[in-house]
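Subject: Structure for you to look at

Hello,

Below is the structure that I promised to pass on to you. Please keep it open while you read the notes that follow it.

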Amino acid sequence: MRAAERQRLAMEINSLLSSNTIPMCSHTMENPVANYADPHHTQRELDTVFASFPRVLGPAALIPEPGDYFSDDMNGAPLVLSRDLQGVVHGFYNVCVHRGARVVTEARGNRRLHTCPFHGWAYDPTGSLRAVPTADAFPDLDLSRQQLKPIEVAERHGLIWWLPDGWDEAQLTNSLGALDDELAAYSLEHLTLFRTEILEQPINWKFVMDGFLETYHFKFLHRDTIGPFVRSNFGLTDTFQTHTRMVVLRASYDEHVLHAEPPQDLLSHAAVMYQLFPNTVLVWQGPQIEVWTAYPHAASPNQCDVRVSVLIPDPNDEQQQRVDWERNWQVLMDTVLNEDFAVSRQAQAGMTSGALTHFVYGRNEPALQAFHRNLAQHVLLSRHY
Ligand code: FES
Ligand SMILES: [Fe+2]
């Protein structure tokens, strides 16, 4: 985030706090329970927003070096993301062109050649076929034309994005609007991966987004974890095309309200949540950045995979070594897994119980409303349905 925007936000926050008000929408908003419980709705989401918007597949720090790769089944198909020897990121299906076996069997690593475990066909980091054992048994095979089926990807702001058919990086940039410049200012591409994990959860994928888009619950659900460190019920929200940003305040911001002057550096007293439409939340908080991506299991409203990655500054930096990253990770897991996801599992059961037809987002949950308005616009009102 650039300095001018930080200053503008600080002024707005101080004005709200000094008049003892919080960011509010004009109305409450209802959302049908079926959006969390109906398999047809999940299929519509996959066919519309998941198929037609660029999506984050993971941070580029997962594969910083030439030859690095990661693979997962998170995005509705077995995929591999790989950095070639020139440093360019490629994406392809993890499906051998010979007889369909999984070529890459580890979650992450570094290889110059990926050898299929079934019959030994070998592919380079661009996905091109390089070697076939007993090649004379395949006289019609033109090696130079065979490759693992590619997907279109782009690397931007330290993130690897899947691009819909026909999209290029310029369109990705346009789709970010003013966020493109704001994300650039964080220099995410210079951060290092601390840890990444895939968490399979029996909840609708949208619950993963929802948990980051309001602080109304902090004082209650997170009473014993991060609640005391964050101002509850305050989320200054702005939208950027389909994306949503929410600034939340650390408890330390209060000192500045008393002195009625915006802090010199807003970001040292705040955390910033970015809902990168459709299925990613990027959390900026001090030196640590979290990237959360959720993807539904095929047409299943109550099952999703979540990839969480934590990015940190260069661990060789002496000052940063004093931060206990392991402890931060533990607090994050305690909060999100044992509190946010635990209550989401209960709510998921509630959604399928038949007890409710709609649930409601308050005027005090503007980021949540913005996200669901975007979804409604692009899924519910899709001309295909
Ligand atoms: S299926 Fe991969 S080498 Fe046969
Ligand atoms: Fe939470």
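Which strands do the buried residues of H1 pack against? They pack against strand S14 (236–240) and strand S15 (243–249); here a residue is buried if 20 or more other C-beta atoms lie within 10 Å of its own, exposed if 12 or fewer, and partly exposed in between, with C-beta atoms placed from the backbone.

Before going on, note that this is a predicted model, in which local features need pLDDT of at least 70 and side-chain atom pairs count only at pLDDT 80 or more, while totals for chains, interfaces and linings use all residues. Residues are numbered from 1 along each chain as its sequence is written, and chains are lettered from A and ligands numbered from 1 in the order in which they are written.

Helices (H or I, at least four residues) and strands (E, at least two) are DSSP runs, numbered from the N terminus, and the protein has 12 helices and 20 strands.

Helix H1, made of the 16 residues 3–18, reaches 22 Å from its first C-alpha to its last, close to the expected 22 Å, which is 1.5 Å times one less than its number of residues. The buried residues in H1 are Arg6, Leu9, Ala10 and Ile13. Because they cover an arc of only 105° around the axis, they lie on the same side of H1 (the arc is that of the directions from the helix axis to the C-beta atoms). Ala4, Ser15 and Ser18, on the other side of H1, are exposed. Just after H1, Asn20 has a positive phi of about 60°.

Best wishes

How values were computed:
Contact = placed C-beta atoms within 7 Å.
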